[in-house]
Amino acid sequence: MFTGDPYGSIVGYSGAGTFTENGDKVGICDSKADGHAVRLHVYTGGVYNTLRYTISVGGKGNCTGKTAANGGKYDLPENTKIGFLFCRYKDGQDSACKAYNWVNDN
């Protein structure tokens, strides 16, 4: 996953993220020294349905993540659509967001 930066494919995205179904591993990294952090909103039922949790990280090269082993809201339900909204983040505001949906069936 990547943030929705305009021209990101040419000049680089602000952030990169991953989702691994086995273990519900979600990770994000800030990949650009642009003064913005990156933030990932995780939903059940698809993007904009039920917000499960949000993670963020700032500073080029810094990464963070969660897994099912963290328990509770991080243990994503099986056979359910999981939505991700991946954004740049600064001063309490999201920008340049991109939506992704996967079915968590592993």
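Before starting, I noted that contact means heavy atoms within 4.5 Å. I am working from a predicted model, in which local features need pLDDT of at least 70 and side-chain atom pairs count only at pLDDT 80 or more, while totals for chains, interfaces and linings use all residues. Residues are numbered from 1 along each chain as its sequence is written, and side-chain values use heavy atoms, with hydrogens and water left out.

**Entry: tyrosine 100**

I found tyrosine 100 in strand 7, residues 93–104 (strands are DSSP runs of E, at least two residues, and helices are runs of H or I, at least four, both numbered from the N terminus). Is tyrosine 100 buried or exposed? I call tyrosine 100 buried because its relative accessibility is 16%, and buried means under 20% relative accessible area, exposed over 50%, and partly exposed in between, with a 1.4 Å probe and protein chains only. Not counting residues up to four places away in sequence, tyrosine 100 touches Met1, Phe2, Val47, Ile82, Gly83, Phe84 and Phe86. Its side chain also reaches the backbone nitrogen of phenylalanine 2 at 2.8 Å. For isoleucine 82, 18 residues away along the chain, I noted a C-alpha separation of 8.4 Å from tyrosine 100.

**Entry: the largest nonpolar core**

I looked next at the core (buried Ala, Val, Leu, Ile, Met, Phe, Trp, Tyr and Cys residues joined through side-chain atoms within 4.5 Å). Which of the 16 residues in the largest nonpolar core touch the most other members? They are Val26, Leu40, Val42 and Phe84. The elements giving two or more residues to this core are strand 2 (25–30), strand 3 (37–44), strand 4 (50–57) and strand 6 (80–90). I then followed valine 26: leaving aside neighbours within four places in sequence, its contacts include Phe19, Leu40, Val42, Tyr53, Ile55 and Phe84.

**Entry: asparagine 49**

I located asparagine 49 in the loop between strand 3 and strand 4. I list asparagine 49 as partly exposed because its relative accessibility is 49%. Beyond residues up to four places away in sequence, asparagine 49 touches Tyr43 and Thr44. A polar atom of the asparagine 49 side chain lies 3.1 Å from the backbone oxygen of glycine 45. I also saw that asparagine 49 and lysine 81 are 32 residues apart in sequence, with their C-alpha atoms 10.0 Å apart in space.

**Entry: valine 11**

My last stop was valine 11, which sits in helix 1, residues 8–11. Valine 11 counts as exposed because its relative accessible area is 56%.

Methods
A polar contact is a pair of N or O atoms within 3.5 Å; within protein, one must be able to donate a hydrogen and the other to accept it, and residues adjacent in sequence count only if both atoms are side-chain atoms.
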